[in-house]
Structures are given as structure tokens and as C-alpha cells.
Amino acid sequence: MTVSSARRWWALGALVLAMLTIGLDTTVLSVALPNLATDLHASNSELQWFTDAYTLVLAAALLPAGMLGDRFGRKRLLIAALLLFGVASAASAYSSTSGQLIASRAVLGLGAAFMMPLSMAVLPVLFPPAERGKAIAIWVTSTAVGLPLGPILGGWLLDNFWWGSVFLINVPLVIVGVVVVTWLIPESRSEQRRGLDPIGMVVSSVGLLGVTYGCITAGEKGWTNGEALSTLVGGLVLLVAFVLWERRIRQPLLDLALFSSPSFTWGTLLSVMINFSMFGLLFAMPQFFRAVGGTDALGSGVRLLPMIGGLIVGTRIVEKLVQRVGAKVTVAAGFAIVAVGFAMGALTGVHTGYGYASIWIAALGVGMGFVMPTAMNAAMGTLTAERSGAGSAMMQSMRQVGGTIGVAVLGTVLASAYRSQLDLGGLAPAAAHTVRDNAQSGVAVAQQQHSPALLESIRSAFVHGMDVMLWVSCGIAVVAVVLAVLFLPRASELGSVRTERAESEYETV
């Protein structure tokens with residue numbers, strides 16, 4: 001069934017709303033944690049689980065979600081996922097205990113795990129190859145914009161309403177999304193009746209769970225922590241076992257033949273690398289604005305707006321750029337801009353003004369706007385509508401785990417460099433431990449003790465740690481430039497083998 005031009009762009013608008021809720025929900029909780037600690041009497045461990053329950057379930061369920069959409073219908077499961085996400089959002093808002101909130105956050109992660117790959121999987125069904133790049137650029141923008149908007153909107157809501165409002169904002173967006181998806185998006189599924197591969201589902205989910213949990217724990221307790229290492233290694237072993245299992249069975253959960261395409265392989269890998277860097281930035285900069293700049297949660301979120309502006313500019317011009325110079329050059333140029341932005345950021349000092357920060361943050365947004373839709377379209381361009389659910393789920397799963405690893409690795413780099421520069425002479429052991437824990441807590445200790453020297457030491461140490469982390473991010477971007485130049489196919493090669501097949505499938509789905 002061919003979808004009219006107007007209907008498919010309105011349908012994309014519904015998918016944008018759905019993805020915006022996921023982006024918001026990923027970061028909006030960060031500004032509400034102090035309120036939750038007070039109102040729900042939550043411990044530090046429970047505060048961590050408010051975030052981790054969502055992340056862990058999201059990462060673990062992505063692969064089965066894509067395959068189930070291919071088998072049972074992407075529209076049907078997308079609507080169910082939206083409804084589940086809305087119900088879980090309301091349950092989160094009205095939770096009266098930490099346990100209830102952790103459980104509802106886990107259900108939110110399950111809903112998001114279906115929404116992410118299935119909303120992307122319907123793009124090859126809705127849009128012919130000529131329009132698919134633009135559609136993916138809009139989809140990517142909605143996902144990325146929601147991340148920095150979370151602290152901004154969350155800060156405003158907390159200033160005017162109770163903490164549950166940060167979850168209730170999802171409900172009207174979900175309702176609109178359900179109505180429009182029901183009305184405008186056609187049902188689609190794989191024509192081949194594939195088996196469910198329950199062993200593959202369990203092994204891949206537990207493996208991704210182990211890797212994600214191990215990285216989260218390593219980010220909190222260090223990479224030498226026994227719990228972190230054991231779960232991380234266990235998760236990696238299970239993922240290797242999953243790949244070996246998928247090679248043996250006739251109807252696998254994951255079509256490993258996808259990786260025979262250079263476009264899919266390198267488009268996915270480069271998408272993971274940009275996600276890795278982006279989550280590191282979103283982890284570090286709010287802390288910088290609060291601990292060094294002295295802003296509140298809302299102020300730190302507002303200061304990330306240049307990234308949104310740069311992202312919008314980048315995604316607006318990237319389609320014409322790809323048509324003119326090709327995907328290889330566009331992705332390489334985007335990563336080069338990201339590298340320059342990180343290098344500029346790594347020169348930040350304690351007394352550097354926000355004007356300078358806004359320039360390099362905006363540059364990062366432009367570079368990300370070049371890379372994300374182009375790399376993802378390179379990968380999606382090789383997928384037929386038949387396997388779009390499983391393929392997009394694989395890509396989203398790798399991006400999610402890449403973002404989690406990015407926060408853990410880059411957070412560890414920042415923390416190690418921060419602690420190495422602290423001057424804690426004369427501090428009581430308990431106070432010294434608090435200062436070493438994180439810069440925000442350290443600033444509170446320095447203010448309580450009325451110690452300008454300690455405050456200066458904390459801020460200088462944090463800026464040093466952030467600069468080291470940004471240099472590492474710069475190095476990753478430089479490596480990505482080289483990989484894009486060497487391995488990403490030219491635009492003329494992206495999906496060339498399947499173009500006619502994709503066009504025919506679009507006409508008949």
C-alpha cells in the first residue's frame with residue numbers, strides 16, 4: 001500500500017512525538033533526584049536505581065522488540081508500547097515509595113525498548129529511498145533534542161509543580177502519538193513467518209543486561225571493582241555465545257548477514273561512536289555549569305541550548321550536503337567538526353566565560369547533525385522493509401549500549417583526573433570522601449566550611465578532569481574521521497544493490 005505524501009509526513013510527526021518522550025525521559029529525572037531523595041526518603045542506592053532500572057531494561061529488550069515487530073506487526077506493537085509508556089509514566093508520577101518508582105521506571109524502559117526500533121523500522125515502509133534520508137534526519141533530531149530539553153523542562157516543572165510532573169508530561173504526548181499512529185501509519189510485518197528464537201532472546205537480553213550493568217557499576221565504583229568486572233565479562237561471554245548460536249539456527253533472532261554490508265556495519269559503528277561522545281558531553285557539562293559556574297538545574301539545561309541549535313542547523317543542511325559530496329565525506333566532515341569542538345572545549349579554564357563554551361557546544365551540535373542521520377541512513381539504506389525491525393533494533397541496541405559505555409568510560413576518566421588534582425590537606429576523612437565523590441558535593445562541603453581555597457581546588461580539579469575527558473572524546477572523533485574515510489562506502493554505493501527491491505517493497509507493503 002502506497003502512503004500519500006501528506007499522510008506519511010504527518011505520521012512522521014507522530015513518531016517524532018514518541019521519540020521526544022524517550023529523549024526527555026532519559027535526562028529529565030536527573031534534576032528531580034534531590035526532590036525524590038526527600039519526598040520518597042530514597043537512599044543513594046535507590047536514587048541510582050531510579051535511573052538504572054530504565055536503562056537496563058531498555059538495553060536488554062531492544063533486540064527482541066525489533067524481531068517481534070517484524071513478526072507480529074510493527075504498528076500494532078508500537079501502539080501497545082506507546083500505551084505502556086503512558087501508563088508507566090502515570091504510575092511513576094504517583095509512586096509513593098522508592099520500590100514503586102523503580103518498578104514503574106523499569107516498565108518505562110520496556111515501553112521505550114519497543115518504541116525506539118519500531119518507530120525507526122516503519123520509516124522504510126512509509127518513505128521511498130529518495131525521501132528516507134530527510135525522514136531519518138528529522139527522526140534523529142527529535143531523539144537528540146529531547147536529551148538536553150529534559151533538564152530545562154524538568155527544572156521549570158520542579159520550580160512550579162511537584163516532582164511527579166516530570167513524568168506526567170509524557171502522557172499527553174503519548175495520547176497524541178497513539179491517535180496519529182493509529183490513523184496514519186499502515187500496518188507492516190515481515191512476509192516470512194520466522195520462528196521466535198526464544199534461546200536467542202534470552203541470551204541476547206541477559207548479555208546486554210550484563211554489559212550495561214557492568215558499565216554502569218564501573219562508572220560508579222571503578223573499572224577494578226569485582227562486581228563490575230564479573231558482570232561485564234559475563235555479559236560479553238553471553239553475547240559471544242549469542243552470536244555463535246545465531247550462526248547455527250535456521251531462523252535467527254539477528255540476521256548476521258546484515259554485517260556483510262559495509263554500509264550497515266560502518267554506519268552502525270559510526271552511529272555508536274557519535275552516541276558515545278554525545279552522552280559523555282551530556283554527563284559532564286551540566287556538572288560543569290553547576291559546580292564551576294554556580295547555576296541551578298534549569299540554568300545548566302538552558303546553557304545546552306546551543307547544542308540543539310547546532311543540531312538543527314546540521315540536520316537541516318545535511319541532506320543537500322550528502323547529495324553534493326556523498327555520505328563518506330559528510331560523516332568524515334561531521335566528525336572533524338566534532339573533534340574541533342571537543343578540542344576547543346578541552347581548552348576551557350575555571351574562569352572561561354559562557355560565550356566561549358556556547359561556541360564549541362554549538363559546533364558539536366552541527367557536527368552531530370552531520371553524522372547521526374547520515375550514518376544511520378547509510379545503515380538503514382541496506383535494509384529492506386522485510387527486516388527493518390530487526391536491523392533497526394540491532395542499531396538502536398548498539399547505540400544504547402554505546403551511550404552507556406560512554407558515560408561509564410568518560411565518567412571514569414573525568415573522575416580519576418579530578419581526584420588526582422584535589423588538595424584535601426586538613427580535611428576530616430568524611431569530608432574528604434564527600435569531596436572526592438563528586439564536584440557538586442565537594443562545592444557544598446567547601447561552602448559549609450567557608451573555605452575559598454578548597455572551593456578553588458575543587459573547581460580547578462573538575463575543570464582539569466573535564467578537559468582530559470574532552471581530549472579523549474576528541475581522540476575518538478579523530479579515529480572516527482579515519483574510519484569513515486577508509487571504510488564507509490560512497491553515497492552511490494549505499495544500498496545500490498537493493499534500491500530496486502526497496503522501491504518495489506515500498507509500493508507493495
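1. Let's start with Asp467, which sits in helix H20, a stretch covering residues 452-487. Please keep in mind that this is a predicted model. Asp467 is a buried residue that has no salt bridge. The nearest side chain of opposite charge belongs to Arg459, and that is 14 Å away.

2. What does Asp467 touch, not counting residues up to four places away in sequence? Its contacts are Gly345, Ala346, Leu347 and Thr348.

3. Next, have a look at the largest nonpolar core, which has 131 residues. Leu270, Met285, Phe335, Met368 and Ile458 are the ones with the most contacts inside this core. Helix H12, spanning residues 262-292, supplies the largest share of the core, with 16 residues.

4. Which residues make the nonpolar surface patch of about 570 Å²? Tyr94, Leu153, Trp156, Phe161 and Trp162 do. As background, nonpolar side chains in soluble globular proteins tend to be buried together.

5. One member of the patch, Leu153, has its place in helix H7, which runs over residues 129-160. Is Leu153 buried or partly exposed? Leu153 counts as partly exposed because its relative accessible area is 31%, and that class lies between under 20% for buried and over 50% for exposed.

Note on methods. Residues numbered from 1 in each chain as written. Predicted model: local features only at pLDDT ≥ 70, side-chain atom pairs only at ≥ 80, totals over all residues. Heavy atoms only, no water. Patch = residues over 30% accessible without salt bridge, like charges linked within 9 Å, V, L, I, M, F, W, Y side chains within 5 Å. Areas by Shrake-Rupley, 256 points an atom, 1.4 Å probe, with all protein chains shown as cover. Salt bridge = Lys/Arg side-chain N within 4 Å of Asp/Glu carboxyl O. Helix = DSSP H or I, 4+ residues; strand = E, 2+ residues; numbered from the N terminus. Buried < 20%, exposed > 50% of the residue type's maximum accessible area, 1.4 Å probe, protein only. Lys, Arg positive; Asp, Glu negative; His and termini not counted. Contact = heavy atoms within 4.5 Å. Core = buried A, V, L, I, M, F, W, Y, C linked by side-chain atoms within 4.5 Å.
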